[in-house]
Amino acid sequence: MDLRNLNLAELDKNLSEEERREWNSIYASYRAGSLLTGTVSGMETRTVDVKNEETGEYEEKIFRYLVVIDYRVKVIIPQDEMWYEKGDIPYHVMRSMGGAKIDYVITDIDREGDFCIASRSQALRIRRHSFLKLTPRVGKRIKCDILAAVGQWHLLCTVGGFDITLAARDVSYAAIPDLREKYHAGESKEALIRYYEPENMRLGISIKRAQPHPFDGADLRHPIESRRASVIMGKFAGGVYCKLEEELDCLCGYSAEQCDADFHIGDKVIIVITKYSYERRLIYGKILARW
């Protein structure tokens, strides 16, 4: 749509101050290709009949898009305009992005219908260009925005125009049964740059490495043979991770008379500290009983 063909003075004359502010931001983004930032309201899906140019037949096609509503105007971002690189991103990722803060550029306006189309991929290119003016330095602290917890063990976050999937091991020192219960779209976290590969434009970050290691000083707080009330946070390869403090777990085994099937994640237990591995920065213990 060409704004020059519209009488904006007439269309905007009865707007409130909030509505006028919203539309002015939209006009500016459309004309200059400048960034807007908003919170995702949710995802919508629409099925339409599209003509196949090869066969001439009409076929059903599913369109998915995110919706952002700053104040009154509905802005949609089609799936094809969501990512820096074109590709098939599982739709459940977009479905999980409600509440995420995202950048976008307005690409089309239906002024009379209070409706706009936008591109997040254009916004990512702008962010990335600005971010890479100074080569990302390994060890630098940066802010990352969580887009979605896309499963038990993975987060999708964005920083400097890069969308990055983090495994649980890059998020927390402690075992977390389900990242979706602790991390949510729209949150911002401090992270550390782990690597930058300019030849293939890959950026790696870690949220946990931006925090002090909880192992430091743990042997003074929890000396060997001390007993602690704990909660089972996870199981792996026969070991049981029991929580001592926030971000600090103790890798426990069972007593000879205990059975793994009798203990579950979330159970409250009494453990005893048995050993410290300073090389691996691990604490070992044994489960004594429930409490």
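Is V75 buried or exposed? I looked this up before anything else. V75 is buried, with a relative accessible area of 3%; buried means under 20% relative accessible area, exposed over 50%, and partly exposed in between, with a 1.4 Å probe and protein chains only.

**Entry: ground rules**

I am working with a predicted model, in which local features need pLDDT of at least 70 and side-chain atom pairs count only at pLDDT 80 or more, while totals for chains, interfaces and linings use all residues. Residues are numbered from 1 along each chain as its sequence is written, and side-chain values use heavy atoms, with hydrogens and water left out.

**Entry: confidence**

I checked pLDDT, the predictor's confidence in each residue, from 0 to 100. The protein averages 91, and 96% of the residues score at least 70. Among the elements, helix α1 (residues 8-12) has the lowest mean pLDDT, 67. Strand β14 (residues 268-277) has the highest, 98.

**Entry: overall build**

I found five helices and 15 strands in the protein. Helices (H or I, at least four residues) and strands (E, at least two) are DSSP runs, numbered from the N terminus. The radius of gyration is 25 Å, well over the 19 Å that the globule rule gives for 291 residues, so the protein is more spread out than a compact globule. That radius is taken over C-alpha atoms, and the rule is 2.2 Å times the number of residues to the power 0.38. Along the principal axes, the C-alpha atoms fill a box of roughly 80 × 45 × 45 Å.

I noted that buried residues make up 40% of the 291 residues. I also looked at contacts, meaning heavy atoms within 4.5 Å. Of the contacts with a separation of 6 or more, 61% are between residues 24 or more positions apart.

**Entry: V75 again**

I placed V75 in strand β3 (residues 74-78). Leaving out residues up to four places away in sequence, V75 touches L66, V67, V68, Y104, I106, C116 and A118. I also took the C-alpha distance from V75 to D108, which is 9.7 Å for 33 residues of sequence.

G56 counts as partly exposed at 34% relative accessibility. The C-alpha atoms of G56 and I106 are 50 residues apart along the chain and separated by 32 Å.

Where does E279 lie? I found E279 in the loop between β14 and β15 (282-290). E279 is exposed, with a relative accessible area of 77%. From E279 to M94, 185 residues apart along the chain, the C-alpha separation is 41 Å.

**Entry: positive phi**

Most residues other than glycine have a negative phi. I looked up two residues with a positive value.

Phi of M201 is near 55°, and M201 is not a glycine. M201 sits in the loop between β9 (188-197) and β10 (202-206). It is partly exposed, with a relative accessible area of 31%.

E225, also not a glycine, has a positive phi of about 80°. I found E225 in the loop between α5 (218-221) and β11 (227-236). E225 is exposed, at 66% relative accessible area.
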